[in-house]
Amino acid sequence: MTRILFYLQDYSHDIWREAIKRVDPSVEFRSFPDWGSPDDGPAYAFVWEPEPGLLARYTNIKAIFSLGAGIDHLTRDPDLPKNVPIIRMGDDGLKEGMAEFVAMSVLMHHRGMPQLMAKQRNRDWGRYFASAAKDVRVGILGYGALGQVSAAALKPFGYDLAAWSRTQKPAEEGITLYHGAENLNEFLARTDILVGLLPSTKETAGLLDFDRLSLLPEGASVINAGRGSLIVLDDLMALLNSGYLRGATLDVFPEEPLPKDHALWGLDNVLITPHIAAITRPDTAAEYVLRNIEKLERDETAENVLDLTRGY
Ligand code: NDP
Ligand code: OXD
């Protein structure tokens with residue numbers, strides 16, 4: 001019998017229990033705080049933003065599943081168990097959601113929607129003529145699971161696509177691939193619409209500061225759906241306010257919710273979304289978690305295991 005210890009604040013657990021039970025009715029689904037005792041026998045944790053120290057107290061946990069693709073909500077716990085696999089979410093629902101969000105956001109900046117929306121508020125008929133997609137250089141920062149599905153969603157529009165990752169990827173038709181810190185500047189300099197899909201790590205924190213953002217061509221737009229730590233917000237705002245950058249769509253922020261008095265809310269050329277670019281869907285996530293528990297039970301390696309040395 002498989003036992004799942006589930007943790008999620010502020011939302012009902014019923015929908016998750018039902019989704020897990022639909023895939024395997026025999027699973028024992030324990031909802032926090034009713035996790036029982038560590039002596040009750042082996043269990044798998046399935047958690048989002050658990051309170052620090054909690055996972056370490058449950059010495060019966062055999063693996064930890066993150067309810068999201070990001071694992072910074074786990075690694076911030078100084079007592080995070082290091083002796084069990086930590087598995088980030090990689091279900092199809094999350095990938096579909098991100099592909100939709102990125103396609104929508106790139107199209108909006110390409111077609112000048114932030115500018116058109118500002119004009120509408122002023123009852124201004126001023127027209128905006130967009131360049132052909134083939135002349136718009138889209139650059140995806142982070143070419144992992146979500147970067148790749150986002151690129152695939154953009155390809156049919158004909159954008160001039162590029163992506164940047166830490167390690168070299170095999171060449172692929174229809175996209176120019178960059179990797180490593182030494183090639184970041186060249187990648188930024190050729191990017192009209194930048195899409196941030198990086199995890200939060202020591203290397204990515206503050207990566208897009210004034211100097212790096214200034215490497216983007218004048219008139220570029222910035223989309224960030226990875227983590228808020230990537231961008232130095234004051235630097236981004238300075239470049240948006242000066243008109244050097246044309247616009248931004250931001251789904252993630254250093255502090256969430258974005259404080260009500262933050263100046264970003266007032267910028268006409270910025271679209272703010274409340275960290276909803278891709279939401280883990282219970283049905284696809286339940287299948288993913290139970291499929292990976294089966295792998296672990298067969299002593300196979302699970303998908304998307306966190307590598308603590310690289311931090312994602
Ligand atoms: P992956 O781990 O599959 O991909 C991460 C990518 O980032 C990889 O291509 C990796 O390179 C690259 N990368 C990491 N560090 C560096 C670095 N220092 N320099 C260059 N490239 C780097 O993650 P996912 O694609 O699944 O998710 C990405 C992030 O998106 C998550 O970590 C999460 O923070 C965020 N997210 C946001 C959501 C939202 O709703 N806003 C929803 C879901 C996720 P390499 O391929 O060489 O390893
Ligand atoms: C995630 C997120 O990491 O929603 O999945 O941010």
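Predicted model: local features only at pLDDT ≥ 70, side-chain atom pairs only at ≥ 80, totals over all residues.
**View 1. Polar atoms of ligand 1 meet Arg88, Ala225 and Tyr312.** Let us begin with the side chains. An N or O atom in the side chain of Tyr312 is 2.5 Å from an oxygen atom of ligand 1. For Arg88, a side-chain N or O atom is 2.9 Å from an oxygen atom of the ligand. The backbone takes part as well: a polar backbone atom of Ala225 is 3.0 Å from a nitrogen atom of ligand 1. How much of ligand 1 does the protein bury? Taken alone, the ligand exposes 930 Å², and the protein buries 93% of that.

**View 2. Phe6 and Phe46 pair edge-to-face.** A handy reminder for this view and the next: a pair of aromatic rings is described by the distance of the centres and the angle of the planes. The structure holds 10 aromatic pairs. In one of them, the ring centres of Phe6 and Phe46 are 5.4 Å apart and the planes stand at 70°; angles over 60 degrees count as edge-to-face, so this pair is edge-to-face. Phe6 belongs to strand β1 (residues 3-7) and Phe46 to strand β3 (residues 43-47), so the pair ties together parts that are 40 residues apart in sequence. Are these residues buried or exposed? Phe6 is buried, with a relative accessible area of 0%, and Phe46 is buried too, at 1%.

**View 3. Trp35 and Tyr58 link two loops.** Here the ring centres lie 5.1 Å apart with the planes at 80°, so Trp35 and Tyr58 form an edge-to-face pair. Trp35 is in the loop between β2 (28-31) and β3, while Tyr58 is in the loop between α2 (54-57) and β4 (61-66). The pair thus links distant parts of the chain, 23 residues apart. Trp35 and Tyr58 are both buried.

**View 4. Four aromatic residues form one cluster.**

Technical notes
Residues numbered from 1 in each chain as written. Chains lettered and ligands numbered in written order. Heavy atoms only, no water. Polar contact = N/O pair within 3.5 Å; in protein donor to acceptor, adjacent residues only side chain to side chain. Areas by Shrake-Rupley, 256 points an atom, 1.4 Å probe, with all protein chains shown as cover. Phe/Tyr/Trp six-rings, centres within 6.5 Å; stacked < 30°, edge-to-face > 60°. Helix = DSSP H or I, 4+ residues; strand = E, 2+ residues; numbered from the N terminus. Buried < 20%, exposed > 50% of the residue type's maximum accessible area, 1.4 Å probe, protein only.
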